[in-house]
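Please read the following walk through one protein model with its sequence and structure open beside the text.

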Amino acid sequence: MFSILFSLKKERTIEQTVHEIQQGNKVLHNQLIQQYKPFIAKTVSNVCKRFIHEGDDELSIGLIAFNEAIEKYAPHKGGSFISFAELLIKRRLIDYIRKEAKEKNIILHTNEDEENSAQTYLDTKLSMDEFYKQVEQEHRREEIIHYQQVLKEFGIYFHDLIEQSPKHKDARINAINIAKLLVEDEEMLEWLFRKKQLPIKQLQNIAEVSRKTIERNRKYIIAVAIILAGDYVYLKDYIKGVLPS
């Protein structure tokens, strides 16, 4: 009995499976996609707000996005593979829906006679503008959820950032620039995500700032570095808005 118990193999995590696939294991690649088809279909269905059939274009978009997630996933950037795949599937679907809606708008406009085309175009544009707002809100929400999950791996929460972010603009810019230097250095970036700590000594040397400055802004620097290293479209725009033009 004990020999049976101790001979059991430790179950492979999905992150380990993805790593093996990235190393060229095609058998595991096909198995993983088949295994997670229900997850992909459910994610697609949640975005489209309807049941998804096997032959639907949206499901194909979801499968392509899941495969893209397999190719692009990097554990050192934080977050689980599933949360990354879900974010990517939703992003690609939103892009697809946006493109489809725009094309239908053009076709509808060209098929209208002159008398009705102006009003039809205005009505359609207003509805499309509202649709785009909803899409962007959903996109931002998904980014924030994923970002929040990664922050938790570092023991950081949003209330920490509110309380401990640099109060002065110059201090914020300085902290962001330190984070940029960190992300641009592969060794320091790998250290950050592996140890879940800042490589303070290395940062001191490369950023030419005091240890006290780095430690005082530690959580803010980590939070910014996670955004810069990750696939965060809207959050990166926020950082650009903080920096001087």
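A residue is called buried when its relative accessible area is under 20%, exposed when that area is over 50%, and partly exposed in between, using a 1.4 Å probe and protein chains only. This is a predicted model, in which local features need pLDDT of at least 70, side-chain atom pairs count only at pLDDT 80 or more, and totals for chains, interfaces and linings use all residues. Residues are numbered from 1 along each chain as its sequence is written, and side-chain values use heavy atoms, with hydrogens and water left out.

Start with Glu86, which has a relative accessible area of 26% and is therefore partly exposed. Its side chain meets that of Lys90 in a salt bridge, with 3.3 Å from N to O. A salt bridge here is a side-chain nitrogen of Lys or Arg within 4 Å of a carboxyl oxygen of Asp or Glu. Lys90 has a relative accessible area of 9%, so Lys90 is buried. Both residues belong to helix H6 (residues 81-111); because they are 4 residues apart there, about one helical turn separates them. Helices (H or I, at least four residues) and strands (E, at least two) are DSSP runs, numbered from the N terminus.

The whole structure has 13 salt bridges. Another of them links the side chains of Arg141 and Glu142, at 3.1 Å from N to O. Arg141 is partly exposed at 41% relative accessible area, whereas Glu142 is buried at 8%. In helix H10 (residues 186-195), Glu190 and Arg194 are 4 residues apart, about one turn of the helix. Their side chains also form a salt bridge, at 2.7 Å from N to O. Glu190 is partly exposed, with a relative accessible area of 32%, and Arg194 is partly exposed as well, at 48%. Salt bridges with shared partners also join Glu68, Lys72, Arg92 and Asp95 into one network.

Next comes helix H5, which covers residues 57-72. Its 16 residues reach 22 Å from the first C-alpha to the last, close to the 22 Å expected at 1.5 Å a residue. That expected span is 1.5 Å times one less than the number of residues. Among the buried residues of H5 are Leu59, Phe66, Glu68 and Ile70. An unreviewed UniProt entry places the feature "short sequence motif: Polymerase core binding" at residues 57-70. UniProt positions are given in the numbering used here, feature names are shortened, and annotations may be inferred rather than shown by experiment. Residues 57-70 are 100% helix and 0% strand in the model, with end C-alpha atoms 20 Å apart.

Which residues share an aromatic cluster with Phe66? Tyr36, Phe39, Phe66, Tyr73, Phe81 and Phe84 form one such cluster. Rings of Phe, Tyr and Trp (its six-membered ring) pair if their centres lie within 6.5 Å; planes under 30 degrees apart count as stacked, over 60 as edge-to-face and the rest as tilted. A search of the whole structure gives 9 aromatic pairs. Tyr36 and Phe66 are stacked, because their ring centres are 6.0 Å apart and their planes are at 20 degrees. Tyr36 lies in the loop between helix H3 (26-35) and helix H4 (37-48) and Phe66 in helix H5, so this pair ties together parts that are 30 residues apart in sequence. Both Tyr36 and Phe66 are buried. The rings of Tyr73 and Phe81 have centres 5.6 Å apart and planes at 85 degrees, so they are edge-to-face. Tyr73 is buried at 7% relative accessibility, and Phe81 is buried at 0%.

The unreviewed UniProt entry also lists a "DNA-binding region" at residues 200-219. This span is 80% helix and 0% strand, and its end C-alpha atoms lie 12 Å apart.

Last comes confidence, given as pLDDT, the predictor's confidence in each residue, from 0 to 100. The chain has a mean pLDDT of 80, and 78% of its residues reach 70 or more. Confidence is highest in H5, at a mean of 93, and lowest in helix H1 (residues 2-7), at 35. Where pLDDT is low, the predicted coordinates should not be read in detail.
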